[in-house]
Structure formats: C-alpha cells, structure tokens
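This report goes through one protein model, from local backbone features to the contact between its parts. Please keep the sequence and the structure in view while reading.

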Amino acid sequence: MPGFEVFGDEERKEVQDVLKTGVLFRYGFDGARNDHWKARTFEAELSRYLPVAHCHLCSSGTAAVSLALAACGIGAGDEVIVPPFTFIATVEGVLMAGAIPVFADIDRTLCLSPDGIAEHVTPRTRAVMPVHMCGSMARIDELAAVCREHRLTLIEDACQALGATLHGKAVGTFGRMGCFSFDPVKTITCGEGGAVVTDDPELYRIADSVADHGHDHLGNDRGLEGHPILGTNYRISELNAAVGLAQLRKLDRILEVQRRNKDSIRGGLSHLSGVEFREIPDPTGDSATFLSFFLPDRDCARKAITDLTAAGVDGCFYWYDNNWHYLKQWHHLKDMRTAAELPVARYDHFPDYGAVTLPESDGIMERTISMQIKLSWTETEVSERIDRMARVLKQF
Ligand SMILES: *Cc1c(COP(=O)(O)O)cnc(C)c1O
C-alpha cells in the first residue's frame, strides 16, 4: 500500500530543488527560493485532485486532527463521538483539544455506524469524527445526515483513505473539515506530514493561522503580519512537502495497482463459504490499501491469523488482539496514563474509559482480519498468495 514502495527519482528531484536553494521554510524568502513553493504547490494540487476549495498542509495527520477541531471551535469539555477502531491519534487529538472522546459502535464497514450515534448524543456533544479505516469508506453520507439532524459538526479522519470516494465524491470532503496523513506508512508519504481540507474559507483561514502561531499570513513581510489569535507550530518543512508533491503525482498509479491486486485476491477467495468480506458502501471508490474479511467467530479468526502467518502470508493483522488500533487493547487510555495530568481529565463528566463496553464492535472486530495490499507484488506472487490463503481459509 504505502507510497514508500514507489520512492524514486521524482521524490529526489523535488527534494533537490529545495536543497539547491537552502530555503527549507514554507513561508517567505521570496528572492532566495528560486520560485520553489513545495508546500503551497502540494496544497493547490491536492485541492484540485479531490476536489475541495481549500487545503492546508501541516506536520502530521495528528496535527491535522488538532487543527480541524480547533478551526471548528471544538474545545474545553465538548464531547466528540469517535469510533473504537482507529489509530489512537484520533482519540489523542480530541483529548489534547480539551474535549472528550465518546465511543460509539462501528458496523460491518469497520467504520462508525450512523445507527449508533443518536444514543450517545448529550447536550455537550459538538462533533462526530468518523474514521475511514483501512482505505475504505464509512457510510459517510448517512453520517452527514445524522449530524445535520442533531446539529453536530462532522469532521472526517480520512488519514488512511486518500483517494477513496463515495459515489464519486472524495472522502474527507463530506464534513466541515477532513484530515489526511502522509506519514511513512500511508498511501502517499511526505516522510511526516498531514493536511486539513475544507470548502469553508473561514475554517481554512483559522486552520492556516493556528498551524503557525496565529499568523494571519497577510502581506509579504512575515515580521509585520498580524496575530489575531494564539496558535502553535504544526508547520511542515519544504523538504517534507517536496517528497509529498512527487508522491501525490503518483497517487493515481498507486490506486490503480492496489485496486488490481486487491480485485485479484478478493476474486480468488470469493468461493470460500467461511470468508465474508468487509462491507464497502461504494466498492468502486475503495482505495484498496487493505483487504478485510470476517471469519465465522473469534476462535476461527485466531486460528486463521496463526495459520496464515505459518503459511507465509505476510502483512495480515488481527486487530482484536494486537495493541494498535482497537479500544480493547488501549490500556494507556483505559488507565489514563499520560506524561502529565491532562486538563480534560479534571472534568466531572470525564468518563472512565476502562468501563466502556461495545459488544457490537467487539463482535465485529473479533472476527476481522485485514491484509495489506502491496504495490510491488508480481502476478505470480499474487496468485501464490491466493493459493496459500485459500488453503488456510477453506477450513472455516
Ligand atoms: C496515521 C493516522 C493518523 C495520524 O497521522 P500521523 O501523520 O501519523 O500523525 C490519524 N488517524 C488515523 C486514522 C491514522 O491512520
């Protein structure tokens, strides 16, 4: 899946442009930079690609989540509904904003279910942040409708789903803001980087400003710019933006290869009665970074992951037991182990995450295995993989 598989001369050329001028900063130095504006160019090209009116490139996907929350005015004591299956950055972003993550169930799309939102809405609920997990999409149009009905702000964590669409519309562009990550294992990479996108010029203006200590970026003398609000530093360097720019121009090719490889494998396993594939609201819009499937029950899934690994089928994940992406194993969150006490933990309404139970999500995750789709596989490797997988999975 990841862009690092196609790192090459194009990336080196963009980085060399920057190294030749020595201007590593995305703002100013107009004379010295020889007209190279890598961050700005990336923003223009990603906006055109999705399309969306505005894009701000920042230092990470985690920073993007924080910028989106800040721009949407989500802060102290507000509740934000999130899924229990995500990378922890979604949850950390909410906590660092001083807001309170509230977990609601996922469905068979492996993303937040529109059906489970209403029961978690309280007078403090301000936003819903679905996560388009493993390259595919949530039922995001239905989630948008639920948010409209309850007057909640929809912010999409699309960090894992660049290039995915629902009925032709890019994920990340359904909500008030969308977040992307370009860390080293995402569909394309900047080395480290992220982006927020929005059609709202005011939200863009705030995000752009918060990411750079509140600078308003008006005029052409950085020293004389206004600082209408406080912010922080979530800036990306021109070196990272340069890598991302070359990667972005390879995105269509990456998606094409992923989709071809995934289609072959899915097709090759479709006759197995014990294997059920993840529900994908719009299969043609899948970015195809992962193939996810359900086994009949937890014991079967545990046996499958062991047997697949033993059969040499690499890149498979059983999220229910591994400690990365599912609430069940987030013991640091459940015990609120932080470096220093977080202000948000002092709220009377701060929940005990150790007591959160989501049987519906457990019932899905305990049966789910995901396999990463690689770009570099040859046709022979793909068919060998299908054979090995089928030999293991036909026992269920
Ligand atoms: C990767 C990721 C992030 C954070 O991105 P970084 O660039 O690594 O900070 C946030 N949310 C999800 C769902 C992710 O997969």
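## Two backbone features

N34 is placed in the loop between α1 and α2. The model is a predicted one, and in it N34 has a positive phi of about 55 degrees, although N34 is not a glycine. Most residues other than glycine have a negative phi, and most peptide bonds are trans.

L50 and P51 are joined by a cis peptide bond, with omega at about -10 degrees. P51 belongs to the loop between α2 (38-49) and β1 (54-58).

## Domains

## The interface

The two domains touch each other through 48 residues of domain 1 and 47 residues of domain 2. About 3,900 Å² of area is buried between domain 1 and domain 2, and carbon and sulfur atoms give 63% of this area.

## Salt bridges

Side chains of opposite charge can pair when their charged atoms come close. The structure as a whole holds 31 salt bridges. Across the interface of domain 1 and domain 2, the rule finds 1 salt bridge.

Two examples can be looked up in the structure. E276 forms a salt bridge with R108, and their closest N and O atoms are 2.6 Å apart. R12 and D9 also meet in a salt bridge through their side chains, at 3.3 Å from N to O. R12 and D9 are 3 residues apart in helix α1 (residues 9-21), so about one helical turn separates them.

## Around the ligand

Which residues are closest to the ligand? The ligand is surrounded by 15 residues, and the closest are G61, T62, S181, D183 and K186.

Three of these residues can be described through their side chains. S181 has a polar side-chain atom 2.7 Å from an oxygen atom of the ligand. In the side chain of D183, an N or O atom lies 2.7 Å from an oxygen atom of the ligand. For K186, the distance between a polar side-chain atom and an oxygen atom of the ligand is 3.2 Å.

Terms used
Residues numbered from 1 in each chain as written. Predicted model: local features only at pLDDT ≥ 70, side-chain atom pairs only at ≥ 80, totals over all residues. Heavy atoms only, no water. Contact = heavy atoms within 4.5 Å. Buried area = accessible area lost by both parts, 1.4 Å probe. Salt bridge = Lys/Arg side-chain N within 4 Å of Asp/Glu carboxyl O. Near = heavy atom within 4 Å. Polar contact = N/O pair within 3.5 Å; in protein donor to acceptor, adjacent residues only side chain to side chain. Helix = DSSP H or I, 4+ residues; strand = E, 2+ residues; numbered from the N terminus.
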